[in-house]
Amino acid sequence: RNLLLLRQETICFLLFERSEKCFSHMDDLVSRLVDIILRIIMRVMWFAGGFHWMTVKGRRALPTEAPILTLAPHSSYFDAIPVTMTMSSIVMKAESKDIPLWGTLIKYIRPVFVSRSDQDSRKKTVEEIKRRARSGGEWPQIMIFPEGTCTNRSCLITFKPGAFIPAVPVQPVVIRYPNKLVSKLVKGFQILWLTLCQLHNEFVIEFLPIYTPSEEEKKNPALFAINVRRIMAKALGVPITDYSFEDCQLAMAEGQLRLPVDTCLLEFAKLVRRLGLKPQNSEKVLQEYGNRARKLEGQKLGLEDFAHFLDVPVSDMLRDMFGLFDEHEDNRMDIREYVIALSVVCRPAKTLETMKLAFKMFEAEEDGAITESELAVILKTALGVSHISVSHLFTAIDVDDTGKITFDKFRNFVEHHPDFAEDYLYTENTDLHSAPYNDHQTQPSLSTLKVRGAATSKTANGICPEFSDHDGAIDGLKKHN
């Protein structure tokens, strides 16, 4: 029996498999030895990348003091440094464990795996975090990046609640990259290239005091997350923003209609989330909404009718959303515009699918075509701006000069002109090239958002790395602080 146990321990050690079963037989000495080996391997790797030494401030809490470490801001691949320094568990996608060698090393720190193909994955992940966090120190600390996505470090976006649902003490941890080159740009492989081009790179990790939630915060994870984010933002000296992970997904979507800087669709998306209006089966629900909206034939709805259409009660948030579509401030809205906006939020990269749905709602029954003014309504809604001229684009599509275009004509044109928005919309609408808000400007109301112009897709929105313009990325954020 002893020989069998020894053999099992040896296999676990060689494969770096640190599962619960292995740990039940592996003694502390072997565990510490493997820890040391892995730390050395990872330290050599970071040294080769130019991180010759790292500055550590504050004291890291024990697992019994703070089972969860919350890190921010999350901006690059090098944010993995604190993980290898502490050997804490992390939350990561299940596909990562299949990566040769790296997957084996990752499994050793016993991460919480999230499966994107499993519909119940989010619930299971939260339950696993709660189980480990409340184990009384039996598990390693869990290190979580609560922003949920990479940003350009100009602010802290909304924290996701996963780290705060267990209602246990957390230790906020902030990370900094003092090097000017690295701090200027954090876009994908560009930061990797810039870092490797420097002889020495600086990295600072600071462990802030443990934050113990109050009874109110234990019952309200969102409030818990807000207060921790404020502490971390203050330590970093950066503002906070109401933008979330979902907003970054929307802003970064690779559709053919990239959202402008001052689009009101980000505000719309926030209201959709708060009202619980984002459908589980978006394709089916959008088609159903499209069919119902088509039957109304452009009939304008009041607030009560809008609430009835969505099957929700009238509330202040619903009034705010209604105000986004009350263009003439006559307490009436076109429900087709709501459906278009919801389509963009639910599937931002599928421009043609949104346009197909829009054409279906606006097209005339006799010929399945729309007019220039109808195309203008569709595109201004899809971009979230107050007005837009589409004469140049419409003329280019309507080569027969019929005064109408069908979806098939629009699709064929887009296939031959994939950059149609840049070539035919921005060249005609010079106000779409206006700069982001300046530092002195304050947060706009919903009505202000509705009538603002917008910048092109090449101008920074100040949130995500793909939209960073190096010089004034934070300007576009000031209005949301």
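This report walks through the strands, helices, salt bridges and one surface patch of a predicted model.

## Ground rules

The model is predicted, so to speak of local features a pLDDT of at least 70 is needed and side-chain atom pairs count only at pLDDT 80 or more, while totals for chains, interfaces and linings use all residues. Residues are numbered from 1 along each chain as its sequence is written, and side-chain values use heavy atoms, with hydrogens and water left out.

## Parallel strands

Leucine 69 has methionine 143 of β5 as its bridge partner. β2 also runs parallel to strand β6, residues 170–176, and five bridges join them; there, threonine 70 stands opposite proline 172.

Strand β3 (residues 89–93) pairs with β5 (residues 142–144) in the parallel sense too, over two bridges. Methionine 143 turns up again here, as the bridge partner of isoleucine 90.

Helix α15 covers residues 316–325, and its buried residues are Leu318, Met321, Phe322, Leu324 and Phe325. Looking down the axis of α15, these buried residues fall within an arc of 150 degrees, so they line one face of the helix. That arc is taken over the directions from the helix axis to the C-beta atoms.

Helix α18 (residues 372–383) makes a handy geometry check: at 1.5 Å a residue its twelve residues should span 16 Å, and the end C-alpha atoms are 16 Å apart, which agrees. The expected span is 1.5 Å times one less than the number of residues. Its buried residues are Leu375, Ala376, Ile378, Leu379, Lys380, Thr381, Ala382 and Leu383. Just after α18, glycine 384 takes a positive phi of about 75 degrees.

## Salt bridges

The count comes to 17 salt bridges, each being a side-chain nitrogen of Lys or Arg within 4 Å of a carboxyl oxygen of Asp or Glu. In one of them, arginine 131 meets glutamate 128 at 3.0 Å, N to O. Both residues lie in helix α6 (residues 121–133), three residues apart, about one turn of the helix. An α-helix has 3.6 residues a turn, so residues three or four places apart point the same way. Arginine 131 is partly exposed at 41% relative accessibility, and Glu128, Arg131 and Arg132 are linked in a network of salt bridges.

Helix α12 (residues 265–274) holds glutamate 267 and lysine 270, again three residues apart, and their side chains meet in a salt bridge at 3.5 Å, N to O. Glutamate 267 is buried with a relative accessible area of 17%, and lysine 270 is buried at 12%. The C-alpha atom of lysine 270 is 8.6 Å from that of aspartate 242, 28 residues apart along the chain. Aspartate 242 lies in the loop between α10 (221–236) and α11 (245–252) and is partly exposed at 33%.

Aspartate 367 and lysine 404 form a salt bridge with their closest N and O atoms 3.4 Å apart. This pair links distant parts of the chain, 37 residues apart: aspartate 367 is in the loop between α17 (351–362) and β10 (369–370), and lysine 404 in the loop between α19 (391–397) and β11 (405–406). Aspartate 367 is partly exposed at 37%, as is lysine 404 at 26%.

## A nonpolar patch

Ile36, Ile40 and Val44 make a nonpolar surface patch of about 280 Å². Patches are made of residues with over 30% relative accessible area and no salt bridge, with like charges joined within 9 Å and nonpolar side chains (Val, Leu, Ile, Met, Phe, Trp, Tyr) within 5 Å. The areas come from the Shrake-Rupley method with a 1.4 Å probe, and for residues only the protein chains shown count as cover. Isoleucine 36 lies in helix α3, residues 28–48, and is partly exposed with a relative accessible area of 48%.

Key:
Buried < 20%, exposed > 50% of the residue type's maximum accessible area, 1.4 Å probe, protein only. Helix = DSSP H or I, 4+ residues; strand = E, 2+ residues; numbered from the N terminus. Pairing = 2+ DSSP bridges.
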